[in-house]
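Dear colleague,

I am passing a structure on to you with this email, and I would ask you to look through it slowly before reading my notes. Please keep the viewer open while you read, so that you can find each place as it comes up.

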Amino acid sequence: MAKTKKETVDKKTESKVASIRSWSLSKQQKFVLGCLLVLFSIALLVAFISFYVNGQWQTDQSAVSQLGDREEVVQNWLGKFGAFLADLIVYRGFGLASFIIVRLFFLTGLFLALELSTKKLKNTWFWDLFAIIVVSILFGFFATSAPELGGTIGYELNLFLQDYIGKTGTLLSLLFGLIVYLIFKIKVSPEKIQSYFDSTKNELKSELNSIKKPQQDLEPESAYNLEEFAIEEDPELDNIHLKTDDSKFEINKEALKPTINHSSEIELNPILKPIQPKQELPLVSPDEAFVIEKAEEEDIIEENLASRLVADFGLFDPTLDLSNYKFPTIDLLKEYSTGGITINQEELEENKNKIVDTLRNYKIEIAQIKATVGPSVTLYEIVPEAGIRISKIKSLEDDIALSLSALGIRIIAPIPGKGTIGIEVPNKTPTMVSMKSVIGAAKFQEAEMELPIALGKTISNETFVVDLAKMPHLLMAGATGQGKSVGLNAVLTSLLYKKHPAEVKFVLVDPKKVELTLFNKIERHYLAKLPDTEDAIITDNAKVVNTLNSLCTEMDNRYSLLKDAMVRNIKEYNEKFKARKLNPEAGHRFLPYIVLVVDEFADLIMTAGKEVEVPIARLAQLARAIGIHLIIATQRPSVNVITGLIKANFPARIAFRVTSKIDSRTILDTQGADQLIGRGDLLYTNGNDVTRVQCAFIDTPEVEKITDFIGSQKAYATAYLLPEFVGEETGINLDMDISERDTLFREAAEIIVNAQQGSASLLQRKLKLGYNRAGRLIDQLEAAGIVGPFEGSKARSVNILDLSALDQFFNNEQN
C-alpha cells in the first residue's frame with residue numbers, strides 16, 4: 001500500500017527531531033571548546049586591565065572607530081581587537097562589573113574541559129549576571145563623573161531608575177539587590193550574624209575577666225611546673241598531644257629574681273601577658289600522657305549524586321516509566337548546627353583529672369589516656385599499668401559516674417580490636433547531628449550498597465552508613481520518647497535519597513496513626529498496598545494480618561521466579577532481567593525491594609497475636625534472598641512480644657535509651673543501653689561489635705518538604721499492588737443458610753449490582769462498615785452466587801446484571 005504524503009512528512013519531521021535530540025558534543029569537542037573559552041577569558045582579562053592601566057578611554061577612544069586602518073596605533077595590550085572588546089564590553093557595557101564576565105567564561109571553559117556537572121554552573125551564571133547588573137548600576141550611581149567605572153549600561157540604567165523612583169528609591173533598590181545576593185548566594189543568614197556577634201561578645205567578656213585578675217595574685221610556689229608544660233602539634237588531622245601536670249598558667253621564672261634596688265623603681269601598673277582570643281588558643285594539656293584527638297571533618301557533597309545515575313541503553317531500564325523523576329535535593333533538609341564539633345578543653349581536662357583521681361583512689365595507675373570528642377559523647381581510652389585487672393576497672397562504673405556528675409557513663413572493657421579500656425562520658429553541650437550533614441556526606445553519597453541507610457555519626461564524628469540488604473532485618477527498641485520514630489524517618493529518608501521509585505517499595509504499618517502519615521503523599525511513587533484498600537499506610541491492626549500474609553504470597557511467588565531463572569537472590573535475578581535474559585511473557589518482571597516498616601510492634605501483637613507472629617516469622621526466616629526486609633520498632637522486645645524464633649532472625653539491632661539493664665540485655669543481649677543519654681543516642685549491633693551512634697535528627701517539616709517534592713512529580717497510575725490474600729475460610733465453608741445472613745445483605749447486594757464491582761472496600765465506603773463485617777458480606781454474596789470468587793489482583797465479577805434481575809433472584813429464593 002502506497003504511503004500518503006502526510007505520513008511521509010510526519011516521518012521526516014520525526015527523524016529531524018530525533019537527530020536534534022541525539023546531537024551532543026563529544027568528549028574531544030567539549031575539551032576543545034572549554035580550552036577556547038579559558039583562553040578567551042584570559043584575553044578579555046588582558047584587554048580589560050590595559051583599558052584601565054593605559055587610560056584607553058582617552059588614548060584609544062578615537063582609534064576604535066577606525067579599526068580598518070592598519071596604520072592606526074592603539075595602546076591596548078591585545079591590540080585593536082582588545083581595544084574593540086574593551087570599548088564594547090567595558091565602556092559601552094558594564095564598566096568594572098565586566099570583570100565578572102571574565103570569571104564566567106573561565107569557569108564555563110573549566111566545566112566543559114573537565115566534564116563537571118552543569119547544575120552548579122547554571123547557578124553561577126544566574127547569580128553572576130545578577131551581580132553584573134547590580135554592580136554596574138552601583139558604580140553608575142556613585143561615580144557619575146567617571147562613566148568608565150559603571151559603563152554606559154550602568155550609567156543609563158541609573159538615570160532611568162532615578163527618573164522614576166528618584167535617588168533615594170534607586171539607592172534602596174540597590175541595597176535590596178545586595179541583600180538578595182548576600183542571602184541566596186553567599187548564604188549569609190541572620191542566625192549566622194547573631195552567632196558571630198554573640199561569640200565575639202563572649203570572647204571580650206572572658207578577656208576582660210582575665211585581665212581584671214592581678215598578676216601578683218598568682219602563687220609562684222604552688223604546684224605548677226613550667227618545665228613540663230609544652231605543646232606538641234600533629235600537622236595531620238589536627239591531633240594535638242598535650243603535656244602537663246596540673247598547671248595551665250605560664251610563669252616567667254626570670255621575673256622571680258630580685259631586680260629592684262630601691263622602692264622608687266617599683267611601677268604600680270602590673271604588666272600583664274596579652275591574652276589571645278579564645279578560639280585561637282591551641283589545645284593545651286599539662287600531661288604528656290593525655291592525648292586529645294579531634295576527628296577530621298568529612299567532605300560534604302552539596303548535590304545528590306543519585307540524580308546523576310544514567311542507565312545503559314543496552315540493558316533494560318526499570319526507571320523508564322518515570323524517566324524524568326528527580327531525586328530530592330539536599331537543600332530540602334535543614335542545617336541545625338553552624339559548624340563542626342567544638343572542643344571544650346577545660347571540660348576535657350576536668351573529666352580526665354577526675355577519672356585519673358578516682359582510679360588512683362583504688363590504686364589503679366594509668367599509663368596513657370586519650371580523648372576522642374564526638375557530637376554528644378567523648379570517649380576516653382585508657383591504657384592501665386601492667387598487672388591491673390580489667391574487671392576491677394569495670395566495677396568502678398558507678399564511682400566514676402559519681403565523680404564526674406555525669407548523666408550516665410558507659411565502660412567498654414576492653415574496646416574490641418584495641419588494647420585499651422573505653423569510658424564514654426556525655427558532653428555538657430552536645431552537638432546536634434542534622435540529617436543534611438549525614439545525607440550530604442561523601443561516605444553516604446558514594447556508598448555502593450543495595451539499600452544504604454545513614455543513621456548518624458559515631459563518636460569519631462564519622463558518618464555511620466549500613467546496608468539494609470545485608471542486615472537483613474532490623475529491630476529497633478527503646479523507651480518512649482527516646483527517638484525511635486525519628487530513627488524510622490531517618491531510615492526512610494536515606495532510601496528516598498538513594499533509590500528510584502522503581503527500585504524500592506515500602507509497606508508502612510503505623511498503629512499510632514500519626515507518625516508515618518506524611519508518606520501518604522508518595523503513595524503512587526514508593527508505597528505498596530493490597531488491591532482493595534484505600535490507604536497505603538496501614539493504621540488498622542485488623543488489616544495488617546492480610547498484608548503480612550500477602551507479603552508471604554509475594555515471597556513464594558518471587559521464589560518461584562528465582563527458581564525458573566536459576567538464580568539464588570534478587571540481585572542476580574534483576575541483573576539477569578536487565579540483560580534481557582528472562583522472558584516477560586513467561587511471568588518474569590523486574591523485582592523491586594520491599595521494606596516492611598512496623599511502628600509499635602507490641603501493640604500489633606496485643607491485638608492480633610498469633611495471626612501476626614506466623615507470617616512475621618516466615619518473612620524473617622526466608623525473605624532475605626528475594627528482597628523483602630523488615631524494620632520493626634517496639635518499646636521492649638520481650639519474649640511475649642518478639643519470640644525467640646523471630647528474634648534469632650534479627651541480628652541487626654538498634655537500642656535507644658532504656659530504663660534498666662534487663663531491658664538492655666533483652667534488646668542487645670548485653671548491657672549499655674541503660675547508660676545512654678537519650679535524644680537520639682543509640683547503640684547499633686549486627687551480631688558482632690556494638691557501635692555508639694548519635695542518630696541524625698530530621699523534623700516533621702523536613703519530611704513534609706521531601707514528600708511534597710516527590711509527590712508533586714509524575715507518578716505511577718497506582719501504588720505497587722501486592723497479591724490479594726485468600727484466607728482459609730474464603731471460598732469454602734461459606735454461609736449457605738439464608739436465616740444467618742447479615743441484615744444488610746440485600747442492601748449490599750443492590751450496591752454491588754449497581755456498581756458492577758464486587759469488593760469489600762466498596763461496601764465499607766457505602767455502608768460505613770468495618771472491614772470484618774464487609775468481608776463477611778462479600779463471603780455471603782459469593783455463597784449466594786451474586787459475585788464470583790477471588791481472581792488475584794482483579795475485582796470480583798458480578799453475576800447479576802441489573803436490579804430487576806436481582807429482585808427476581810430474591811423472589812426465587814423466597815419461593
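What follows is a description of the chain as a whole, and then of a few places in it.

Please bear in mind throughout that this is a predicted model. The chain has 815 residues, of which 44% count as buried, and its secondary structure comes to 27 helices and 18 strands.

If you set aside the neighbours within four places in sequence, the residues in contact with D742 are R773, L777 and Q780.

Helix α26 (residues 771-784) holds A784, another residue that is buried, with a relative accessible area of 17%. Beyond its neighbours within four places in sequence, A784 is in contact with R741, F745, F809 and E813. For one of these, F809, the separation from A784 is 25 residues in sequence, while the C-alpha atoms of the two are 9.8 Å apart in space.

The next point concerns a pair of helices, α24 and α27 (residues 803-814), which pack at an angle of about 150° with their axes 10 Å apart. The crossing in which α24 passes α27 is right-handed. On the side of α24 the residues that take part are F745, R746, A749, E750, V753 and N754, and these meet L803, L806, D807 and F810 in α27. Sorted by kind, the residues of this contact are six nonpolar, one polar and three charged.

Helix α15 (residues 484-498) has 15 residues, which at 1.5 Å a residue should span 21 Å, and the distance between its end C-alpha atoms is 22 Å, which agrees. Of those 15 residues, 14 are buried, so that α15 is mostly covered. Helix α10 (residues 345-361), with 17 residues, reaches 24 Å from its first C-alpha to its last, which is close to the 24 Å expected. The buried residues of α10 include L348, I355, V356 and L359, and also Q345, E347 and K352. Just after α10 comes K363, where phi is positive, at about 60°.

Finally, please look at K122, whose place is in helix α7 (residues 119-142). Why is K122 counted as exposed? Its relative accessible area is 60%, and the term applies because exposed means over 50%. K122 and T108 are 14 residues apart in sequence, and their C-alpha atoms are 9.5 Å apart in space.

With best wishes

How values were computed: Residues are numbered from 1 along each chain as its sequence is written. This is a predicted model: local features need pLDDT of at least 70, side-chain atom pairs count only at pLDDT 80 or more; totals for chains, interfaces and linings use all residues. Side-chain values use heavy atoms; hydrogens and water are left out. Contact means heavy atoms within 4.5 Å. Axes are lines fitted to C-alpha atoms, for helices over the stretch in contact, and angles run from 0 to 180 degrees between N-to-C directions. Helices (H or I, at least four residues) and strands (E, at least two) are DSSP runs, numbered from the N terminus. A crossing is left-handed if the near helix is turned anticlockwise from the far one by less than a right angle, and right-handed if clockwise. Ala, Val, Leu, Ile, Met, Phe, Trp, Tyr, Cys and Pro count as nonpolar, Asp, Glu, Lys and Arg as charged, and the others, Gly among them, as polar. The expected span of a helix is 1.5 Å times one less than its number of residues. Buried means under 20% relative accessible area, exposed over 50%, partly exposed in between (1.4 Å probe, protein chains only).
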